[in-house]
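Hello,

Here is the structure I promised to pass on. Please open it and keep it beside this email while you read.

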Amino acid sequence: MAAQFRKSAGRTASNSSEQQVDVSCEVPTETKRTALKYCLLLASGLACVIIIYFTMNLKLHQTVSSLKNHLRFGNVASSMCHDIVPLKENYETKKMELLKIEADIEQKILERQLKNQEIKHWAWVSNEAANREMAVGVQLFTSLIRSLERSQAELIGMIDAKQKTTKTQAKGFTQELEQEISALMRRSSSPVTVVGVGRCSSRIYGPAKRQTGHTAVMSSGLLFLLPCLILTPAATLEFRYHNNPEIEQYLLQVNASNPAITHLYSIGQSVRGQQLWVLALGLSPRRHTVGIPEFKYVANMHGNEVLGRVVLLQLIDDLVRGYRNNETWSLQLLNSTRIHILPTMNPDGFDESDTDCQYSQGRTNYNGVDLNRNFPDAFAGLRRQPQLAEQSCEAEVRAVIGWLRTESFVLSANLHGGALVASYPYDNSNGGSELVGGASVTPDDDVFVHLAKVYSYNHASMYKGDICGDSRPFLEGVTNGYQWYPLAGGMQDYNYVWAQCLELTLEISCCKFPPVQQLPALWTDNRKSLLAFIQQVHLGVKGRVFDGSGVPVQNAVVEVKGRTNMCPFRTDRHGEYYRLLLPGNYSFTVTYPGHEVLTETLNVPHGPDRYSAMKHDFMLRRITTSANPTQADPTQASLTPSCDYNLRLEAGGVVPRPTWTGLGAVLGLAAALQSLVG
Ligand SMILES: [Zn+2]
């Protein structure tokens, strides 16, 4: 439009110039007037043409703000049709204005073109950046999605594998149970009672199977069987050799069925990690009751001597069944005694044992150690047995030692096989005053002989003494352990010397692994003696020792005249003492730091008939420091709470009576060192 305007303006200017030249030609006056008139008319006409041209273009220019100056110019030009103005002057002015407007327009067009280019460039840059960001985002999300897909695939794989394993295990358990049920059905003419959920049976104990190293698997199996154990009433206990998991299973079941009178606990683990389960029976099976003595039976210390496992399970079955049926003998025993039963002290040995009557495969624990030679020995000196430290004992032995510290046992028996005799301490000797006529005699020998005879005479044939064709008969079926054959590190000596628990070693069958068909008869042979022996825990006297303030005291020494124990018997943490004695008169001496020595004579009746030892408490009187300045400090009692067996002397010579004050310990140590140097 600007170019058109410029062209038009140029053409108009050119025409005006030509007209001006034509007006100056020489002509006659009339003609000149006429010519002048035409010239003026022509000039006016040209001016009008120009004005009309601008007026026609005015509407177009009104939309462009930069060209609105034309409006003023148009108005002025329009008035020119009516006003007379100097044309050339006006023309030049307008021309200059037009040129200026034209320059402005060109400048603004240029500015906008530059701005437009700038915007286009910015848009391109922005677009490129967005594309790059989009590419990065897409890549990131693609990686994330792939990672999630991989994780999902792995998770599905894991769940799938786990499900397959569980399915296989469940199938194995099911097959095992089905086999056991089939075996039971074959053995019994009576139909198998199926109760509860799924395949739970009231008779789940099948034929004995030797299983070694499958404890963890069987534990899972036990979890699987747990509903059966809870829902099933007491099962009939078969006469056969239950393997270790089956014993665990049976004890769990008995405990679940008789929670009021039983408590199942473990004293530790074997070398191979099998639990050493103990079932406690009594009115208060979970904890000690003052006045109720603690009794224990231990079996299968030698892994291949297995009848003890069978008879102790039968004993448990008998006791709980009798209690449920309100049978007097069971009520009297469980109401008066807390009975602890450890059916197997050496489950690892059992897993390795041979079924032969005499061979010793499986006798030791998994480390090949004879557990009945592994206890700290009172007669072994520092030189011969430097490993007296308990830390070096086998796991099973450490478990029993810990057990003896937890409970204050009064009476105990350890069931073995391969002979028929009741053996009693000592098993060992250092050649001191305890050696009498080939026997190593304890201060409580009369009580031990009585206890051994209670077992042998209540047994079907043990009292006869020559049943197994041994090299020499056991008189009345009893023997002093040392007299039979000396051994060091035995459990019964440890029980007696350090735990003040009278323990016997009962050999209950000529064959170490009797044939299964003999088991019912062997149980019958031992049943009465097992029960009668428990009843002997009520021999003698029991009671508590109270200090000058009337408070029961621990570690008060309770001695009986003429019975000097290597480690004097002391009151336990309840202030209680139990002293197994045959009927008769006994002089008791009670000593406790800070108190006068108390001596009393007691007439002791036969307690077992009444299921209770005679009850007698000792009341001590406090002494003043001025009255006896040499009296030991009361705190010394806690310094030497137990017998320090590291101070025992070597063999030879009389063993001095250990003293339990700090001074005594120093003197004992000096004597021990002297003997070592010598
Ligand atoms: Zn044995």
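Below is what was found, site by site. One caution before the details: this is a predicted model.

Glu305 sits in the loop between strand E3 (294-299) and helix H7 (307-324), while His416 belongs to strand E5 (residues 409-416), so the pair ties together parts that are 111 residues apart in sequence. Both Glu305 and His416 are buried.

**The core**

Next, the largest nonpolar core. It has 111 residues, and Tyr297 and Phe588 have the most contacts inside it. Helix H7 gives the most to this core, with nine residues. Domain 2 (242-379 + 390-535) and domain 3 (541-643) both give residues to the core, so it lies between them. Look at Tyr297 in particular. Leaving out residues up to four places away in sequence, Tyr297 touches a list of residues including Leu312, His340, Leu415 and Phe533.

**Helix H13**

Helix H13 covers residues 491-499. Nine of its nine residues are buried, so the helix is largely enclosed by the rest of the structure. Among them are Met491, Asp493 and Trp498. Gln500 follows H13 and has a positive phi, near 40 degrees.

**The disulfides**

The count comes to two disulfides.

- Cys357 is joined to Cys511, S to S 1.9 Å. The torsion about the S-S bond is about -100 degrees, so this disulfide is left-handed. Cys357 lies in the loop between helix H9 (347-352) and helix H10 (395-406), and Cys511 in the loop between strand E10 (502-509) and helix H14 (519-535), so the pair ties together parts that are 154 residues apart in sequence. Cys357 is partly exposed at 31% relative accessible area, whereas Cys511 is buried at 11%.
- Cys468 and Cys510 form a disulfide, with sulfur atoms 1.8 Å apart. Here the torsion is about -80 degrees, so this disulfide is left-handed. Cys468 lies in the loop between helix H11 (445-458) and strand E9 (478-480), and Cys510 in the loop between E10 and H14, 42 residues apart. Cys468 is partly exposed at 23% relative accessibility, and Cys510 is partly exposed at 26%.

Best wishes

Methods. Residues are numbered from 1 along each chain as its sequence is written. This is a predicted model: local features need pLDDT of at least 70, side-chain atom pairs count only at pLDDT 80 or more; totals for chains, interfaces and linings use all residues. Side-chain values use heavy atoms; hydrogens and water are left out. Helices (H or I, at least four residues) and strands (E, at least two) are DSSP runs, numbered from the N terminus. Buried means under 20% relative accessible area, exposed over 50%, partly exposed in between (1.4 Å probe, protein chains only). A nonpolar core is a set of buried Ala, Val, Leu, Ile, Met, Phe, Trp, Tyr and Cys residues joined through side-chain atoms within 4.5 Å. Domain bounds come from an automatic or database domain assignment. Contact means heavy atoms within 4.5 Å. A disulfide is a pair of cysteine sulfur atoms within 2.5 Å.
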